[in-house]
Amino acid sequence: MNRDDKGLGAGGSELGVRDSRAEGRRRVVGQVDNLSYGTTNTAFPHHPHPDQLRTIGLHKSYRKGQVVVPVLRGVDVEVRQGEFMAIVGQSGCGKSTLLHLLGTLDAPDQGEIYYDGERIDNLPAVRRDFLRNNRFGMIFQFYHLLPELNTLENVLAPMMIRHGVLSYLGKRGKYHQRAKELLDLVGLGHRLKHRPRELSGGEMQRAAIARALIAEPQLLLADEPTGNLDTATGVEIIRILRDLNRQRNLTIVMVTHDRSIAEQADRIVRLAEGRIAE
Amino acid sequence: MYKLLLCWRYLCTRYIALASIISVTLGVATMIVVNSVMQGFTGEMQNRIRGVVSDLVFESRSLEGMPDFDWHAGKIREVAGERIEALSPTVVVPAMLNFQYGDNWFTRQVDLVGIDQQSQSDVSDFGRYLQHPENRRAMSFDLRENGYDVRDHQTTEESPERKQLSRAGWEHRREKARIMEFQRQYNGVQAARESAPPAHPFAAHPIEKERENVFDPAKEQHTGVVLGIAMTGYRTSDGEDRFLAMPGDDVKLTFPTVGQPPKAVSDNFTIVDFYECKMSEYDSKFVFMPIRKLQELRGMIDPTSGVGRINAIQIKLKPGADGIAVREDLQNAFSAELYAVSTWRDKQGALLAAVDLETRILNLLLFLIIAVAGFGILAIFYMIVVEKTRDIGILKSLGASSRGVMGIFLSYGLLLGLVGSGAGMVIGLLIVHYINQIADFIGWMTGQPVFDPSIYYFYKIPAVVLPWTVFWIVVGALAIAVSASILPARRAARLHPVEALRYE
């Protein structure tokens, strides 16, 4: 509850206000969502852990007919709290696969993934759904907005998924307020009722960022967020991510093939032939 | 929450799915109409059968009948007295009816039923179907002055008037007697002119004196009989009834006496009323007369004791009594060689069973039609799941569970089923409500009347909506719609989020 009340409730306007990163970190990490998931407290306790996300020897291969194509061959990577990290690499080197694994959308063939010191790659489906809904925000190259919903509804989608009808309707006003603030933040406050197909690529990506932020995630996973945008718009999107990272202390893992985009990050990790080549 | 919102949006944007539900709509509507009309027919028919036949009929197998009503009634009451409300003796005998219209004589084969007018109304709804309001209140075999119903009292709808009946009764009888008297005199004058003048100028006097004792049709009636309304008339294609003989007219009845060998006896009777239970079989078959007179004419009265033989006893059961159980008890108590006991259902068993069977088969066929519609829903749902593959991946990446995704498509199926069967229910009920107008319209369009009142002896198609039937039809359609969406929903739930996200 406290998360909903204080977290982003005041969050929109908080963006430039918060001055102490340490204090911010404590607040974000220390607040445990006890709205819909009672066991959270024991499953993901607060450890002051330097590595928010860590992988050990990730292997993943795809089967194409009879041929097994290895994509990841032992990836070890650490993401520190509050860090903006870019993973670069050529097309097909497994960047997106790595990101899907980090986001628990897929399970590795081998290896382990730790989030805040807890292993998450072998969790039951319901716990992974919870993580994706509460802890991770994801944005994609192709925006992936739901075509049947308007901008505002798309942003609200994670909250609708989290709550049943009655509890959602009870908190509707608050969530609407928060979604509008987020859309203002990404510069889309004037297009609340538009359907995705009426928006430009840059606008869709902004909506997708707002959607990724509505659940107050601790980690943002971005899969080629500028891959489909022209350079100016791409720069604009990266600037938004950059600000989020700086002002909200949001950990961001971004995958891109574009070096100039990756340059904006705190740290660049290169992925080649299924391994980290730093 | 997202499930509701999404399946609502899918419903509003995907018209192809609505097209797939049309067959469910039509199936539901047809089932409601068929069941209502069948129920209406059955109900009407049961009412009509019950108008003539009491709950139970205790019959002697021979035409000679049983000698003593009181003794049999006593024994029947002994066996099942606590379940019996009333008894009425009857004599049923095959007979030939003759009536005259103009110079032509018409002959009908009928069942002549001698009834006890006091107790008959206790055992069946007989009185309710008569055409004179007074007779409906208290039945009498005396001809009424006038006032027979011109408009059918059993229908509230507009039905063609029976204009002829406005003259029926003594009015008609006197008028007819006057004409016949006139004709007789005219013929007499003609005959007198042609033949030689009477030898004695006062020869007419003794004849007129003699006629004082002769039956005067203008003032007297024969024994009253009640005829089925379809017996002497016909119905025009407009549904108007015309009568060749009506209350006030005389008829002749010929029937066998008891004893060996039977002799045919014949007598004159006066029609005092028409009987209309609207079951054409009965309306054109039964003639009712006072039981005592029939017993006399057939020689059924024991000359020494004055007790008349009868050949059937009508039994009315107390409300809630089980007719079949009473039938079994009575049949066991009496010799099966001499007596037959049957319920009113047994009497029309074949007809009722046929209607029942028809209803069941129609229901089965229509339900199969809805089931076929289910496969249409299945196919279209599969298409929608394929089309929505990427959305499913998005939802999962936002934390939606597999069950949640499955829920979207199941509730979509339920929603479609609700829309389809709801629309079907409304259409079906509307059709039932306006069924006669629709039948008229189709008849007018095709030039071929859909419902011919001259065959069915009711003016409109009867339809009775049973709420539970409607409920089960709608529930069945919903179940089919939901189960058709189970497979596609499972497929959607099992989609791998990464595969789904990559899907273009």
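In this predicted model, strands β1 (residues 51–64) and β2 (residues 67–80) of chain A run antiparallel to each other, paired over 11 bridges. Together β1(A) and β2(A) make a hairpin, with 2 residues between the strands. One residue of the turn, A:G65, has a positive phi of about 65 degrees. For a landmark on the pairing, find A:T55: across from it, in β2(A), stands A:V77.

β1(A) has another partner. Strand β4 (residues 110–115) of chain A also pairs with β1(A), again in the antiparallel sense, over 5 bridges. Here A:R54 is the residue to look for; it stands opposite A:Y114 in β4(A).

Now step back to the whole of chain A. The chain has 278 residues, and 47% of them count as buried. Its elements are 11 helices and 10 strands. Take the contacts in chain A between residues at least 6 apart in sequence: 74% of these join residues at least 24 apart.

Which helix is largely enclosed by the rest of the structure? Helix α7 (residues 151–162) of chain A is, because 12 of its 12 residues are buried. The buried residues run from A:T151 to A:R162, and they include A:E153, A:N154 and A:P158. What surrounds them? From chain A, the buried residues of α7(A) pack against α6 (125–134), α8 (165–185) and α9 (201–214). Chain B takes part too, with α1 and α14 packing against these residues.

That leads to the meeting of the two chains. On the chain B side, 20 residues are in contact with 23 residues of chain A. Four helices of chain B each give two or more residues to this side: α1 (2–13), α13 (389–397), α14 (402–433) and α18 (497–502). α1(B) gives the most, with 7 residues. By type, the chain B side divides into 12 nonpolar, 6 polar and 2 charged residues.

How far can the model be trusted in each part? Chain A averages a pLDDT of 79, and 82% of its residues score at least 70. Among the elements of chain A, strand β8 (residues 251–256) has the highest mean pLDDT, 90. Helix α2 (residues 11–14) has the lowest, 40. Over residues 1–47 of chain A, pLDDT stays under 50. The model still has 51 contacts beyond four places in sequence for that stretch. Where pLDDT is low, the predicted coordinates should not be read in detail.

Methods:
Residues are numbered from 1 along each chain as its sequence is written. Chains are lettered from A and ligands numbered from 1 in the order in which they are written. This is a predicted model: local features need pLDDT of at least 70, side-chain atom pairs count only at pLDDT 80 or more; totals for chains, interfaces and linings use all residues. A residue is buried if 20 or more other C-beta atoms lie within 10 Å of its own, exposed if 12 or fewer, and partly exposed in between; C-beta atoms are placed from the backbone. Two residues are in contact if their C-beta atoms, placed from the backbone, lie within 7 Å. Ala, Val, Leu, Ile, Met, Phe, Trp, Tyr, Cys and Pro count as nonpolar, Asp, Glu, Lys and Arg as charged, and the others, Gly among them, as polar. Two strands pair if DSSP finds at least two bridges between them. pLDDT is the predictor's confidence in each residue, from 0 to 100.
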